[in-house]
Structure formats: C-alpha cells, structure tokens
Amino acid sequence: MTREPTTERTAGTASADAGTSPGGEPRGVVTPPPPASVGVLGGGRMGAGIAQSFAAAGSSVVVVESDDGRAAAALELIGAGLERAHARGRLTEEPVAVRRRLTAVTSVEELPAAMTLVVEAVPEDARLKARLLAAAERAVDPGTVLASNTSSLSLTELATALERPERFLGMHFFNPVPASTLVELVTTDHTAPAVLDAALAWTAALGKQDVVVRDSPGFASSRLGVAIGLEAIRMVEEGVAEPEAIDRAMTLGYKHPMGPLRLTDLVGLDVRLAIADHLRETLGERFAAPRLLREKVERGELGRKTGQGFYSWD
C-alpha cells in the first residue's frame with residue numbers, strides 16, 4: 001500500500017490569523033490530538049527523544065529499559081532535553097509538568113494494556129527488534145498501533161513476528177528528535193489505511209511533517225543519506241579533501257543544513273556502517289562501506305557519542 005508523500009502537509013487547517021504562538025506553533029491551526037498513551041521500547045538517545053516529544057505534546061509515556069539503572073538514565077536524559085527545550089522557548093509547560101507524564105519500567109510485560117501506540121527504538125538488530133515488538137504485542141490491547149523506528153531494516157520482515165501485522169508500520173524519527181521536523185512513515189503491504197491515518201495525525205500533533213514511503217531497503221532517507229555519506233568518506237580516504245572542506249562544500253554549495261561527515265558523526269559511525277552493510281546485502285556493491293569507515297569503527301571512533309569520529313567532540 002502506498003500514498004503520495006505530502007511534505008507540505010500541515011497540522012490541521014489554518015485560519016486567516018497569521019503568526020505563531022509562544023510555543024512556536026502557527027496561530028489559528030487546529031492540531032490533531034496526540035496519542036493518549038505511548039510506550040517507547042528503548043531509552044537511548046533516539047528513544048529518549050521520541051519519549052520527550054510525545055510527552056511534551058501531551059501523551060502519557062512509558063519508557064521500557066533493560067534494568068533500573070538504564071531506566072533512571074533514560075528519565076534523566078529526557079529531563080535534560082526538556083530543560084533545554086524550555087530554555088529555548090519550545091515548551092508550552094514547565095518541564096516538571098511534562099515529567100509527570102513520564103514513567104519508566106524494566107520489562108515489556110509491564111506496559112499497560114491500554115496503550116494507544118508503542119514505538120520500538122532499540123539498536124539496529126532485527127532479531128532484537130522482532131522479539132521486543134512481539135512481546136509488546138502480547139502485552140497490549142489488540143487495537144494498539146505498533147511502530148518501529150528502524151532507519152533501514154525491512155518492516156515486512158519485522159512484521160512476520162507479529163500476529164496483527166495490519167497494526168504495524170515504520171515511524172522513522174531523526175536525530176535529535178525534539179528539534180527534527182521530519183517523520184518518515186513506512187508502510188508494508190499489510191499496514192491498514194486507518195493505522196497510517198493515525199500515524200499521520202500523530203506526526204502532525206508533534207508539530208512535525210511526514211513523508212510516506214513504501215517499505216524498501218533504506219526507505220528514502222537512509223538510502224540517499226548513506227549514499228552521500230559513504231562517498232564523502234571515500235573522498236577523505238582518497239585524500240581528495242579534509243572533512244571540513246567536504247562538509248563546507250555541501251552546506252554552502254548545495255544548501256545542506258549539515259555536511260555528510262558531521263552528520264555521520266552525529267548518527268554514529270557504527271550505525272552508518274550497519275546500515276551500509278544491510279544496503280550492500282540488499283542493493284549491491286554500490287553501498288560497500290569504505291575501508292576507512294570500518295577502521296574507525298574498529299578503533300572505537302564512533303562519532304559524538306565517543307568523542308571522536310571525523311571530528312573531535314567535547
């Protein structure tokens with residue numbers, strides 16, 4: 001099932017009253033309500049950002065982590081994000097009020113049954129994702145929508161682990177989630193039209209815009225982004241230019257908001273390598289990872305999260 005991407009879609013119908021509210025939303029815009037309750041599987045950088053975004057929009061959010069320490073760290077990460085958003089004028093409430101809608105648990109089985117939406121946001125390991133999605137499906141009501149935040153793995157294959165694949169789709173968020181304006185919605189042949197409609201409304205409720213794509217290797221964003229990133233790494237490897245020069249060429253010459261090598265550092269070199277390997281298996285040698293990328297990952301130079309990638313990070 002496919003639907004035309006509508007990047008210009010707005011959250012509801014605007015009135016003639018122009019301008020923006022103190023929270024940054026257009027005045028006179030009728031925004032769809034967020035999902036009443038959201039479960040987020042994984043409290044790392046992406047999971048925390050997803051949880052923060054839904055909680056700030058008004059959803060009750062439960063984050064699932066593997067133990068008490070990681071659960072506490074996830075809540076701390078979300079809290080820090082809320083404080084930053086508040087300092088920048090991007091919250092309509094005090095951070096403490098948003099935090100009251102956030103809880104963390106240490107097993108999928110502890111999710112309340114009456115979840116509106118569950119988003120899986122764990123590392124790019126197909127077996128792990130499938131196992132957690134199946135566990136979540138058993139824990140929640142039949143009407144709950146399940147979504148994966150995968151950036152490249154097959155949604156169709158993940159759906160084989162589910163009894164109700166029609167309630168499943170991809171909701172690919174971008175890092176950093178609270179500041180990013182895009183959600184890539186990925187449908188399989190099983191995804192029910194009503195599930196896509198709900199995801200479109202929830203995307204608008206977050207103040208974000210959507211693109212809708214059919215399940216295929218790398219979807220639209222990762223496939224194009226990785227292709228550019230890998231070629232930029234090859235250019236460094238071949239001595240064509242320094243990372244700063246390559247990135248500057250793309251930001252100034254092509255108006256990219258960020259160069260491909262700095263973006264690789266933010267995404268994580270290990271994540272980019274995993275996506276490249278997956279795309280090579282499914283689409284061919286044009287996605288073969290450069291030797292330099294493998295060497296950096298082997299040395300633990302994973303980008304911002306380790307302090308060193310193509311750039312040094314404080």
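The legends below walk through several close-up views of a predicted model.

**View 1. The whole chain, to get your bearings.**
Before zooming in, take a look at the overall fold. The secondary structure of the chain comes to 11 helices and 8 strands. Along the principal axes, the C-alpha atoms fill a box of roughly 55 × 45 × 45 Å.

**View 2. Glu93 and Arg101, a salt bridge.**
Here we meet a pair of charged side chains. The model has a count of 13 salt bridges, and Glu93 with Arg101 forms one of them. How far apart are the closest N and O atoms of Glu93 and Arg101? They are 2.5 Å apart. Glu93 counts as partly exposed because its relative accessible area is 28%, which falls between the limits of 20% and 50%.

Lys305 is partly exposed, at 47% relative accessibility. Asp270 is partly exposed too, at 27%.

**View 4**
Glu295 and Arg291 form a salt bridge in which the closest N and O atoms are 3.0 Å apart. How are these two residues placed along helix α11? They are 4 residues apart in the helix, so about one helical turn separates them. With a relative accessible area of 27%, Glu295 is partly exposed.

**View 3. Glu120, Glu124 and Lys129, a network of charges.**
Salt bridges can also join up. Which residues are linked in a network here? They are Glu120, Glu124 and Lys129, and the links between them are salt bridges.

**View 4. A patch of positive charge on the surface.**
Arg45, Arg84, Arg88, Arg90 and Arg304 come together in a patch of positive charge on the surface. One of them, Arg45, lies in helix α1 (residues 45-57). Is Arg45 buried or partly exposed? With a relative accessible area of 48%, Arg45 is partly exposed.

**View 5. Asn175 and Pro176, joined by a cis peptide bond.**
Here the backbone itself is the point of interest. The peptide bond that joins Asn175 and Pro176 is cis, with omega about -5°. Pro176 is found in the loop between β6 (168-173) and β7 (182-187).

**View 6. Phe219, a positive phi in a buried residue.**
Another backbone detail can be seen at Phe219. Although Phe219 is not a glycine, its phi is positive, at about 55°. The residue lies in the loop between β8 (209-214) and α7 (221-237). Phe219 is buried, because its relative accessible area of 4% is under the 20% limit. To relate this view to the previous one, note that Phe219 and Pro176 are 43 residues apart along the chain, and that 19 Å separates their C-alpha atoms.

Lys255 is a residue other than glycine with a positive phi, near 60°. Where is Lys255 found? It is in the loop between α8 (243-253) and α9 (260-267). Is this residue, Lys255, buried or exposed? At 67% relative accessibility, Lys255 counts as exposed.

**View 7. Phe287, a buried residue in a loop.**
Our last stop is Phe287, which is found in the loop between α10 and α11. Phe287 counts as buried, at 4% relative accessibility. How far is Phe287 from Val183? The two residues are 104 residues apart in sequence and 24 Å apart in space, C-alpha to C-alpha.

Methods:
Residues are numbered from 1 along each chain as its sequence is written. This is a predicted model: local features need pLDDT of at least 70, side-chain atom pairs count only at pLDDT 80 or more; totals for chains, interfaces and linings use all residues. Side-chain values use heavy atoms; hydrogens and water are left out. Buried means under 20% relative accessible area, exposed over 50%, partly exposed in between (1.4 Å probe, protein chains only). Patches are made of residues with over 30% relative accessible area and no salt bridge: like charges are joined within 9 Å, nonpolar side chains (Val, Leu, Ile, Met, Phe, Trp, Tyr) within 5 Å. Accessible areas come from the Shrake-Rupley method with a 1.4 Å probe; for residues, only the protein chains shown count as cover. Lys and Arg count as positive and Asp and Glu as negative; His and the chain ends are not counted. The place of a charge is taken as NZ of Lys, CZ of Arg, CG of Asp or CD of Glu.
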